[in-house]
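Student: I have a structure to study today. Could we go through it together, piece by piece?
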Amino acid sequence: MNQNIIACEKKVDIGTRVVLWNEKGGFACPNRRGRKALSQHSSVLNDAPTQKSSNYKIKNPQTAYRELIKTVHQFILHYDVCYTSSHCHQLMLASSFKGSHFYLDLDGTLYQTCDLYWKTNTAPADDKKGNERAVHVEIANLSWEALAKQAEYFPSKKDKYKKTGKGWKLSLPGEYKTMSNSFSAIPSRAYGERGYFSKKINGKVVRMWDFTEQQYETLIKLSFGLNQLLPAIKLKVPLDKNTGQHPLDRLKNFSRFTGILGHCHVQNGSTGLECKYDPGSAFNWARLHKAFKKVKP
Ligand SMILES: [Zn+2]
């Protein structure tokens with residue numbers, strides 16, 4: 001079983017299952033693009049429309065890798081506002097431009113959708129250059145769509161998480177039950193009696209249940225693996241040194257940040273793009289920070 005992530009055909013074993021785009025059961029990114037700063041592909045691939053997949057060739061992987069590690073310095077986290085990664089992939093397929101290098105499913109299974117040499121249109125960022133310098137992961141979580149009173153795309157009479165003896169549990173509709181029957185999606189942490197977290201991000205109160213324990217475990221392994229493969233992505237998350245808090249609003253110098261950050265940290269809509277809130281109020285930034293501090297460089 002594959003455990004490698006791949007950039008310019010170079011592999012790093014991250015110690016957990018990675019389903020690659022060319023495997024049975026894998027998901028291939030439907031809308032790759034070329035990064036403008038890289039020279040080992042035809043520049044026709046930099047812009048829309050998506051070309052046929054045999055056109056996406058990396059001419060010299062060694063040169064490509066040397067260029068890639070100078071270009072990519074951000075790993076950007078997203079929630080996918082979907083039930084599962086397979087659901088998320090359906091939405092990518094329905095789009096003429098969207099994609100994401102990785103999907104992280106409820107049960108901790110990681111999918112890589114294309115070689116990291118390619119660009120995916122996941123977070124333009126307020127300077128509209130965000131995808132050039134980044135790799136992205138879409139983490140399965142419904143965000144506020146799980147709350148009956150806030151659901152817009154997936155309306156329901158009841159909240160999509162139910163309190164059980166084992167904690168809060170996500171109810172997956174039949175068509176999204178892609179995981180083994182014994183698996184329950186339980187948030188890693190619950191907030192008080194109501195279960196969901198609530199914090200203000202870029203001016204909006206975001207209410208959502210936490211990601212699963214399995215997702216955090218894989219995400220930390222993926223972060224270490226990316227740091228090894230693309231060393232300009234530092235094992236670092238946004239942190240206010242004066243308060244010790246992890247900020248959730250867009251950062252001032254977001255384009256220069258080298259490390260792991262959220263879509264909310266790079267895009268608040270001030271230049272005309274959509275305002276973003278992911279990975280949201282429940283995301284445990286302190287846990288990542290702690291995991292990275294344990295290991296000496
Ligand atoms: Zn996002």
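Tutor: Let us begin with a term: axes are lines fitted to C-alpha atoms, for helices over the stretch in contact, and the angles between N-to-C directions run from 0 to 180 degrees. Please keep in mind that this is a predicted model.

Student: What describes two packed helices?
Tutor: They are described by the angle between their axes and the distance between those axes.

Student: At what angle do α3 and α4 pack, and how far apart are their axes?
Tutor: The angle between α3 and α4 is about 45°, and their axes are 11 Å apart. Angles under 35 degrees count as roughly parallel and those from 65 to 115 as roughly perpendicular, and α3 and α4 are therefore oblique to each other.

Student: Is the crossing of α3 and α4 left-handed or right-handed?
Tutor: α3 passes α4 in a right-handed crossing. On the α3 side, the contact is made by E213, Y216, E217, L219, I220, S223 and F224. On the α4 side, R287, L288, A291 and F292 take part.

Student: How many residues does α3 have?
Tutor: Helix α3 covers residues 213-229, which is 17 residues. From its first C-alpha to its last it reaches 25 Å, close to the 24 Å expected at 1.5 Å a residue.

Student: And which residues of α3 are buried?
Tutor: Among them are Y216, L219, I220 and S223, and these four also belong to the contact with α4. Q215 is another buried residue of α3.

Student: Why does Q215 count as buried?
Tutor: Its relative accessibility is 2%, and buried means under 20%.

Student: What is Q215 in contact with, beyond its neighbours in sequence?
Tutor: Leaving aside neighbours within four places in sequence, Q215 is in contact with L104, D105, L106, G108, I139 and A140. Q215 and A140 are 75 residues apart along the chain, yet their C-alpha atoms are separated by 8.6 Å.

Student: Are H78 and H263 buried or exposed?
Tutor: Both H78 and H263 are buried.

Student: Last one: where is H101?
Tutor: H101 is in the loop between α2 and β5. With a relative accessible area of 0%, H101 is buried.

Terms used
Residues numbered from 1 in each chain as written. Predicted model: local features only at pLDDT ≥ 70, side-chain atom pairs only at ≥ 80, totals over all residues. Heavy atoms only, no water. Helix = DSSP H or I, 4+ residues; strand = E, 2+ residues; numbered from the N terminus. Expected span 1.5 Å × (residues − 1). Buried < 20%, exposed > 50% of the residue type's maximum accessible area, 1.4 Å probe, protein only. Parallel < 35°, antiparallel > 145°, perpendicular 65-115°, else oblique. Left-handed = near helix turned anticlockwise from the far one by under 90°. Contact = heavy atoms within 4.5 Å.
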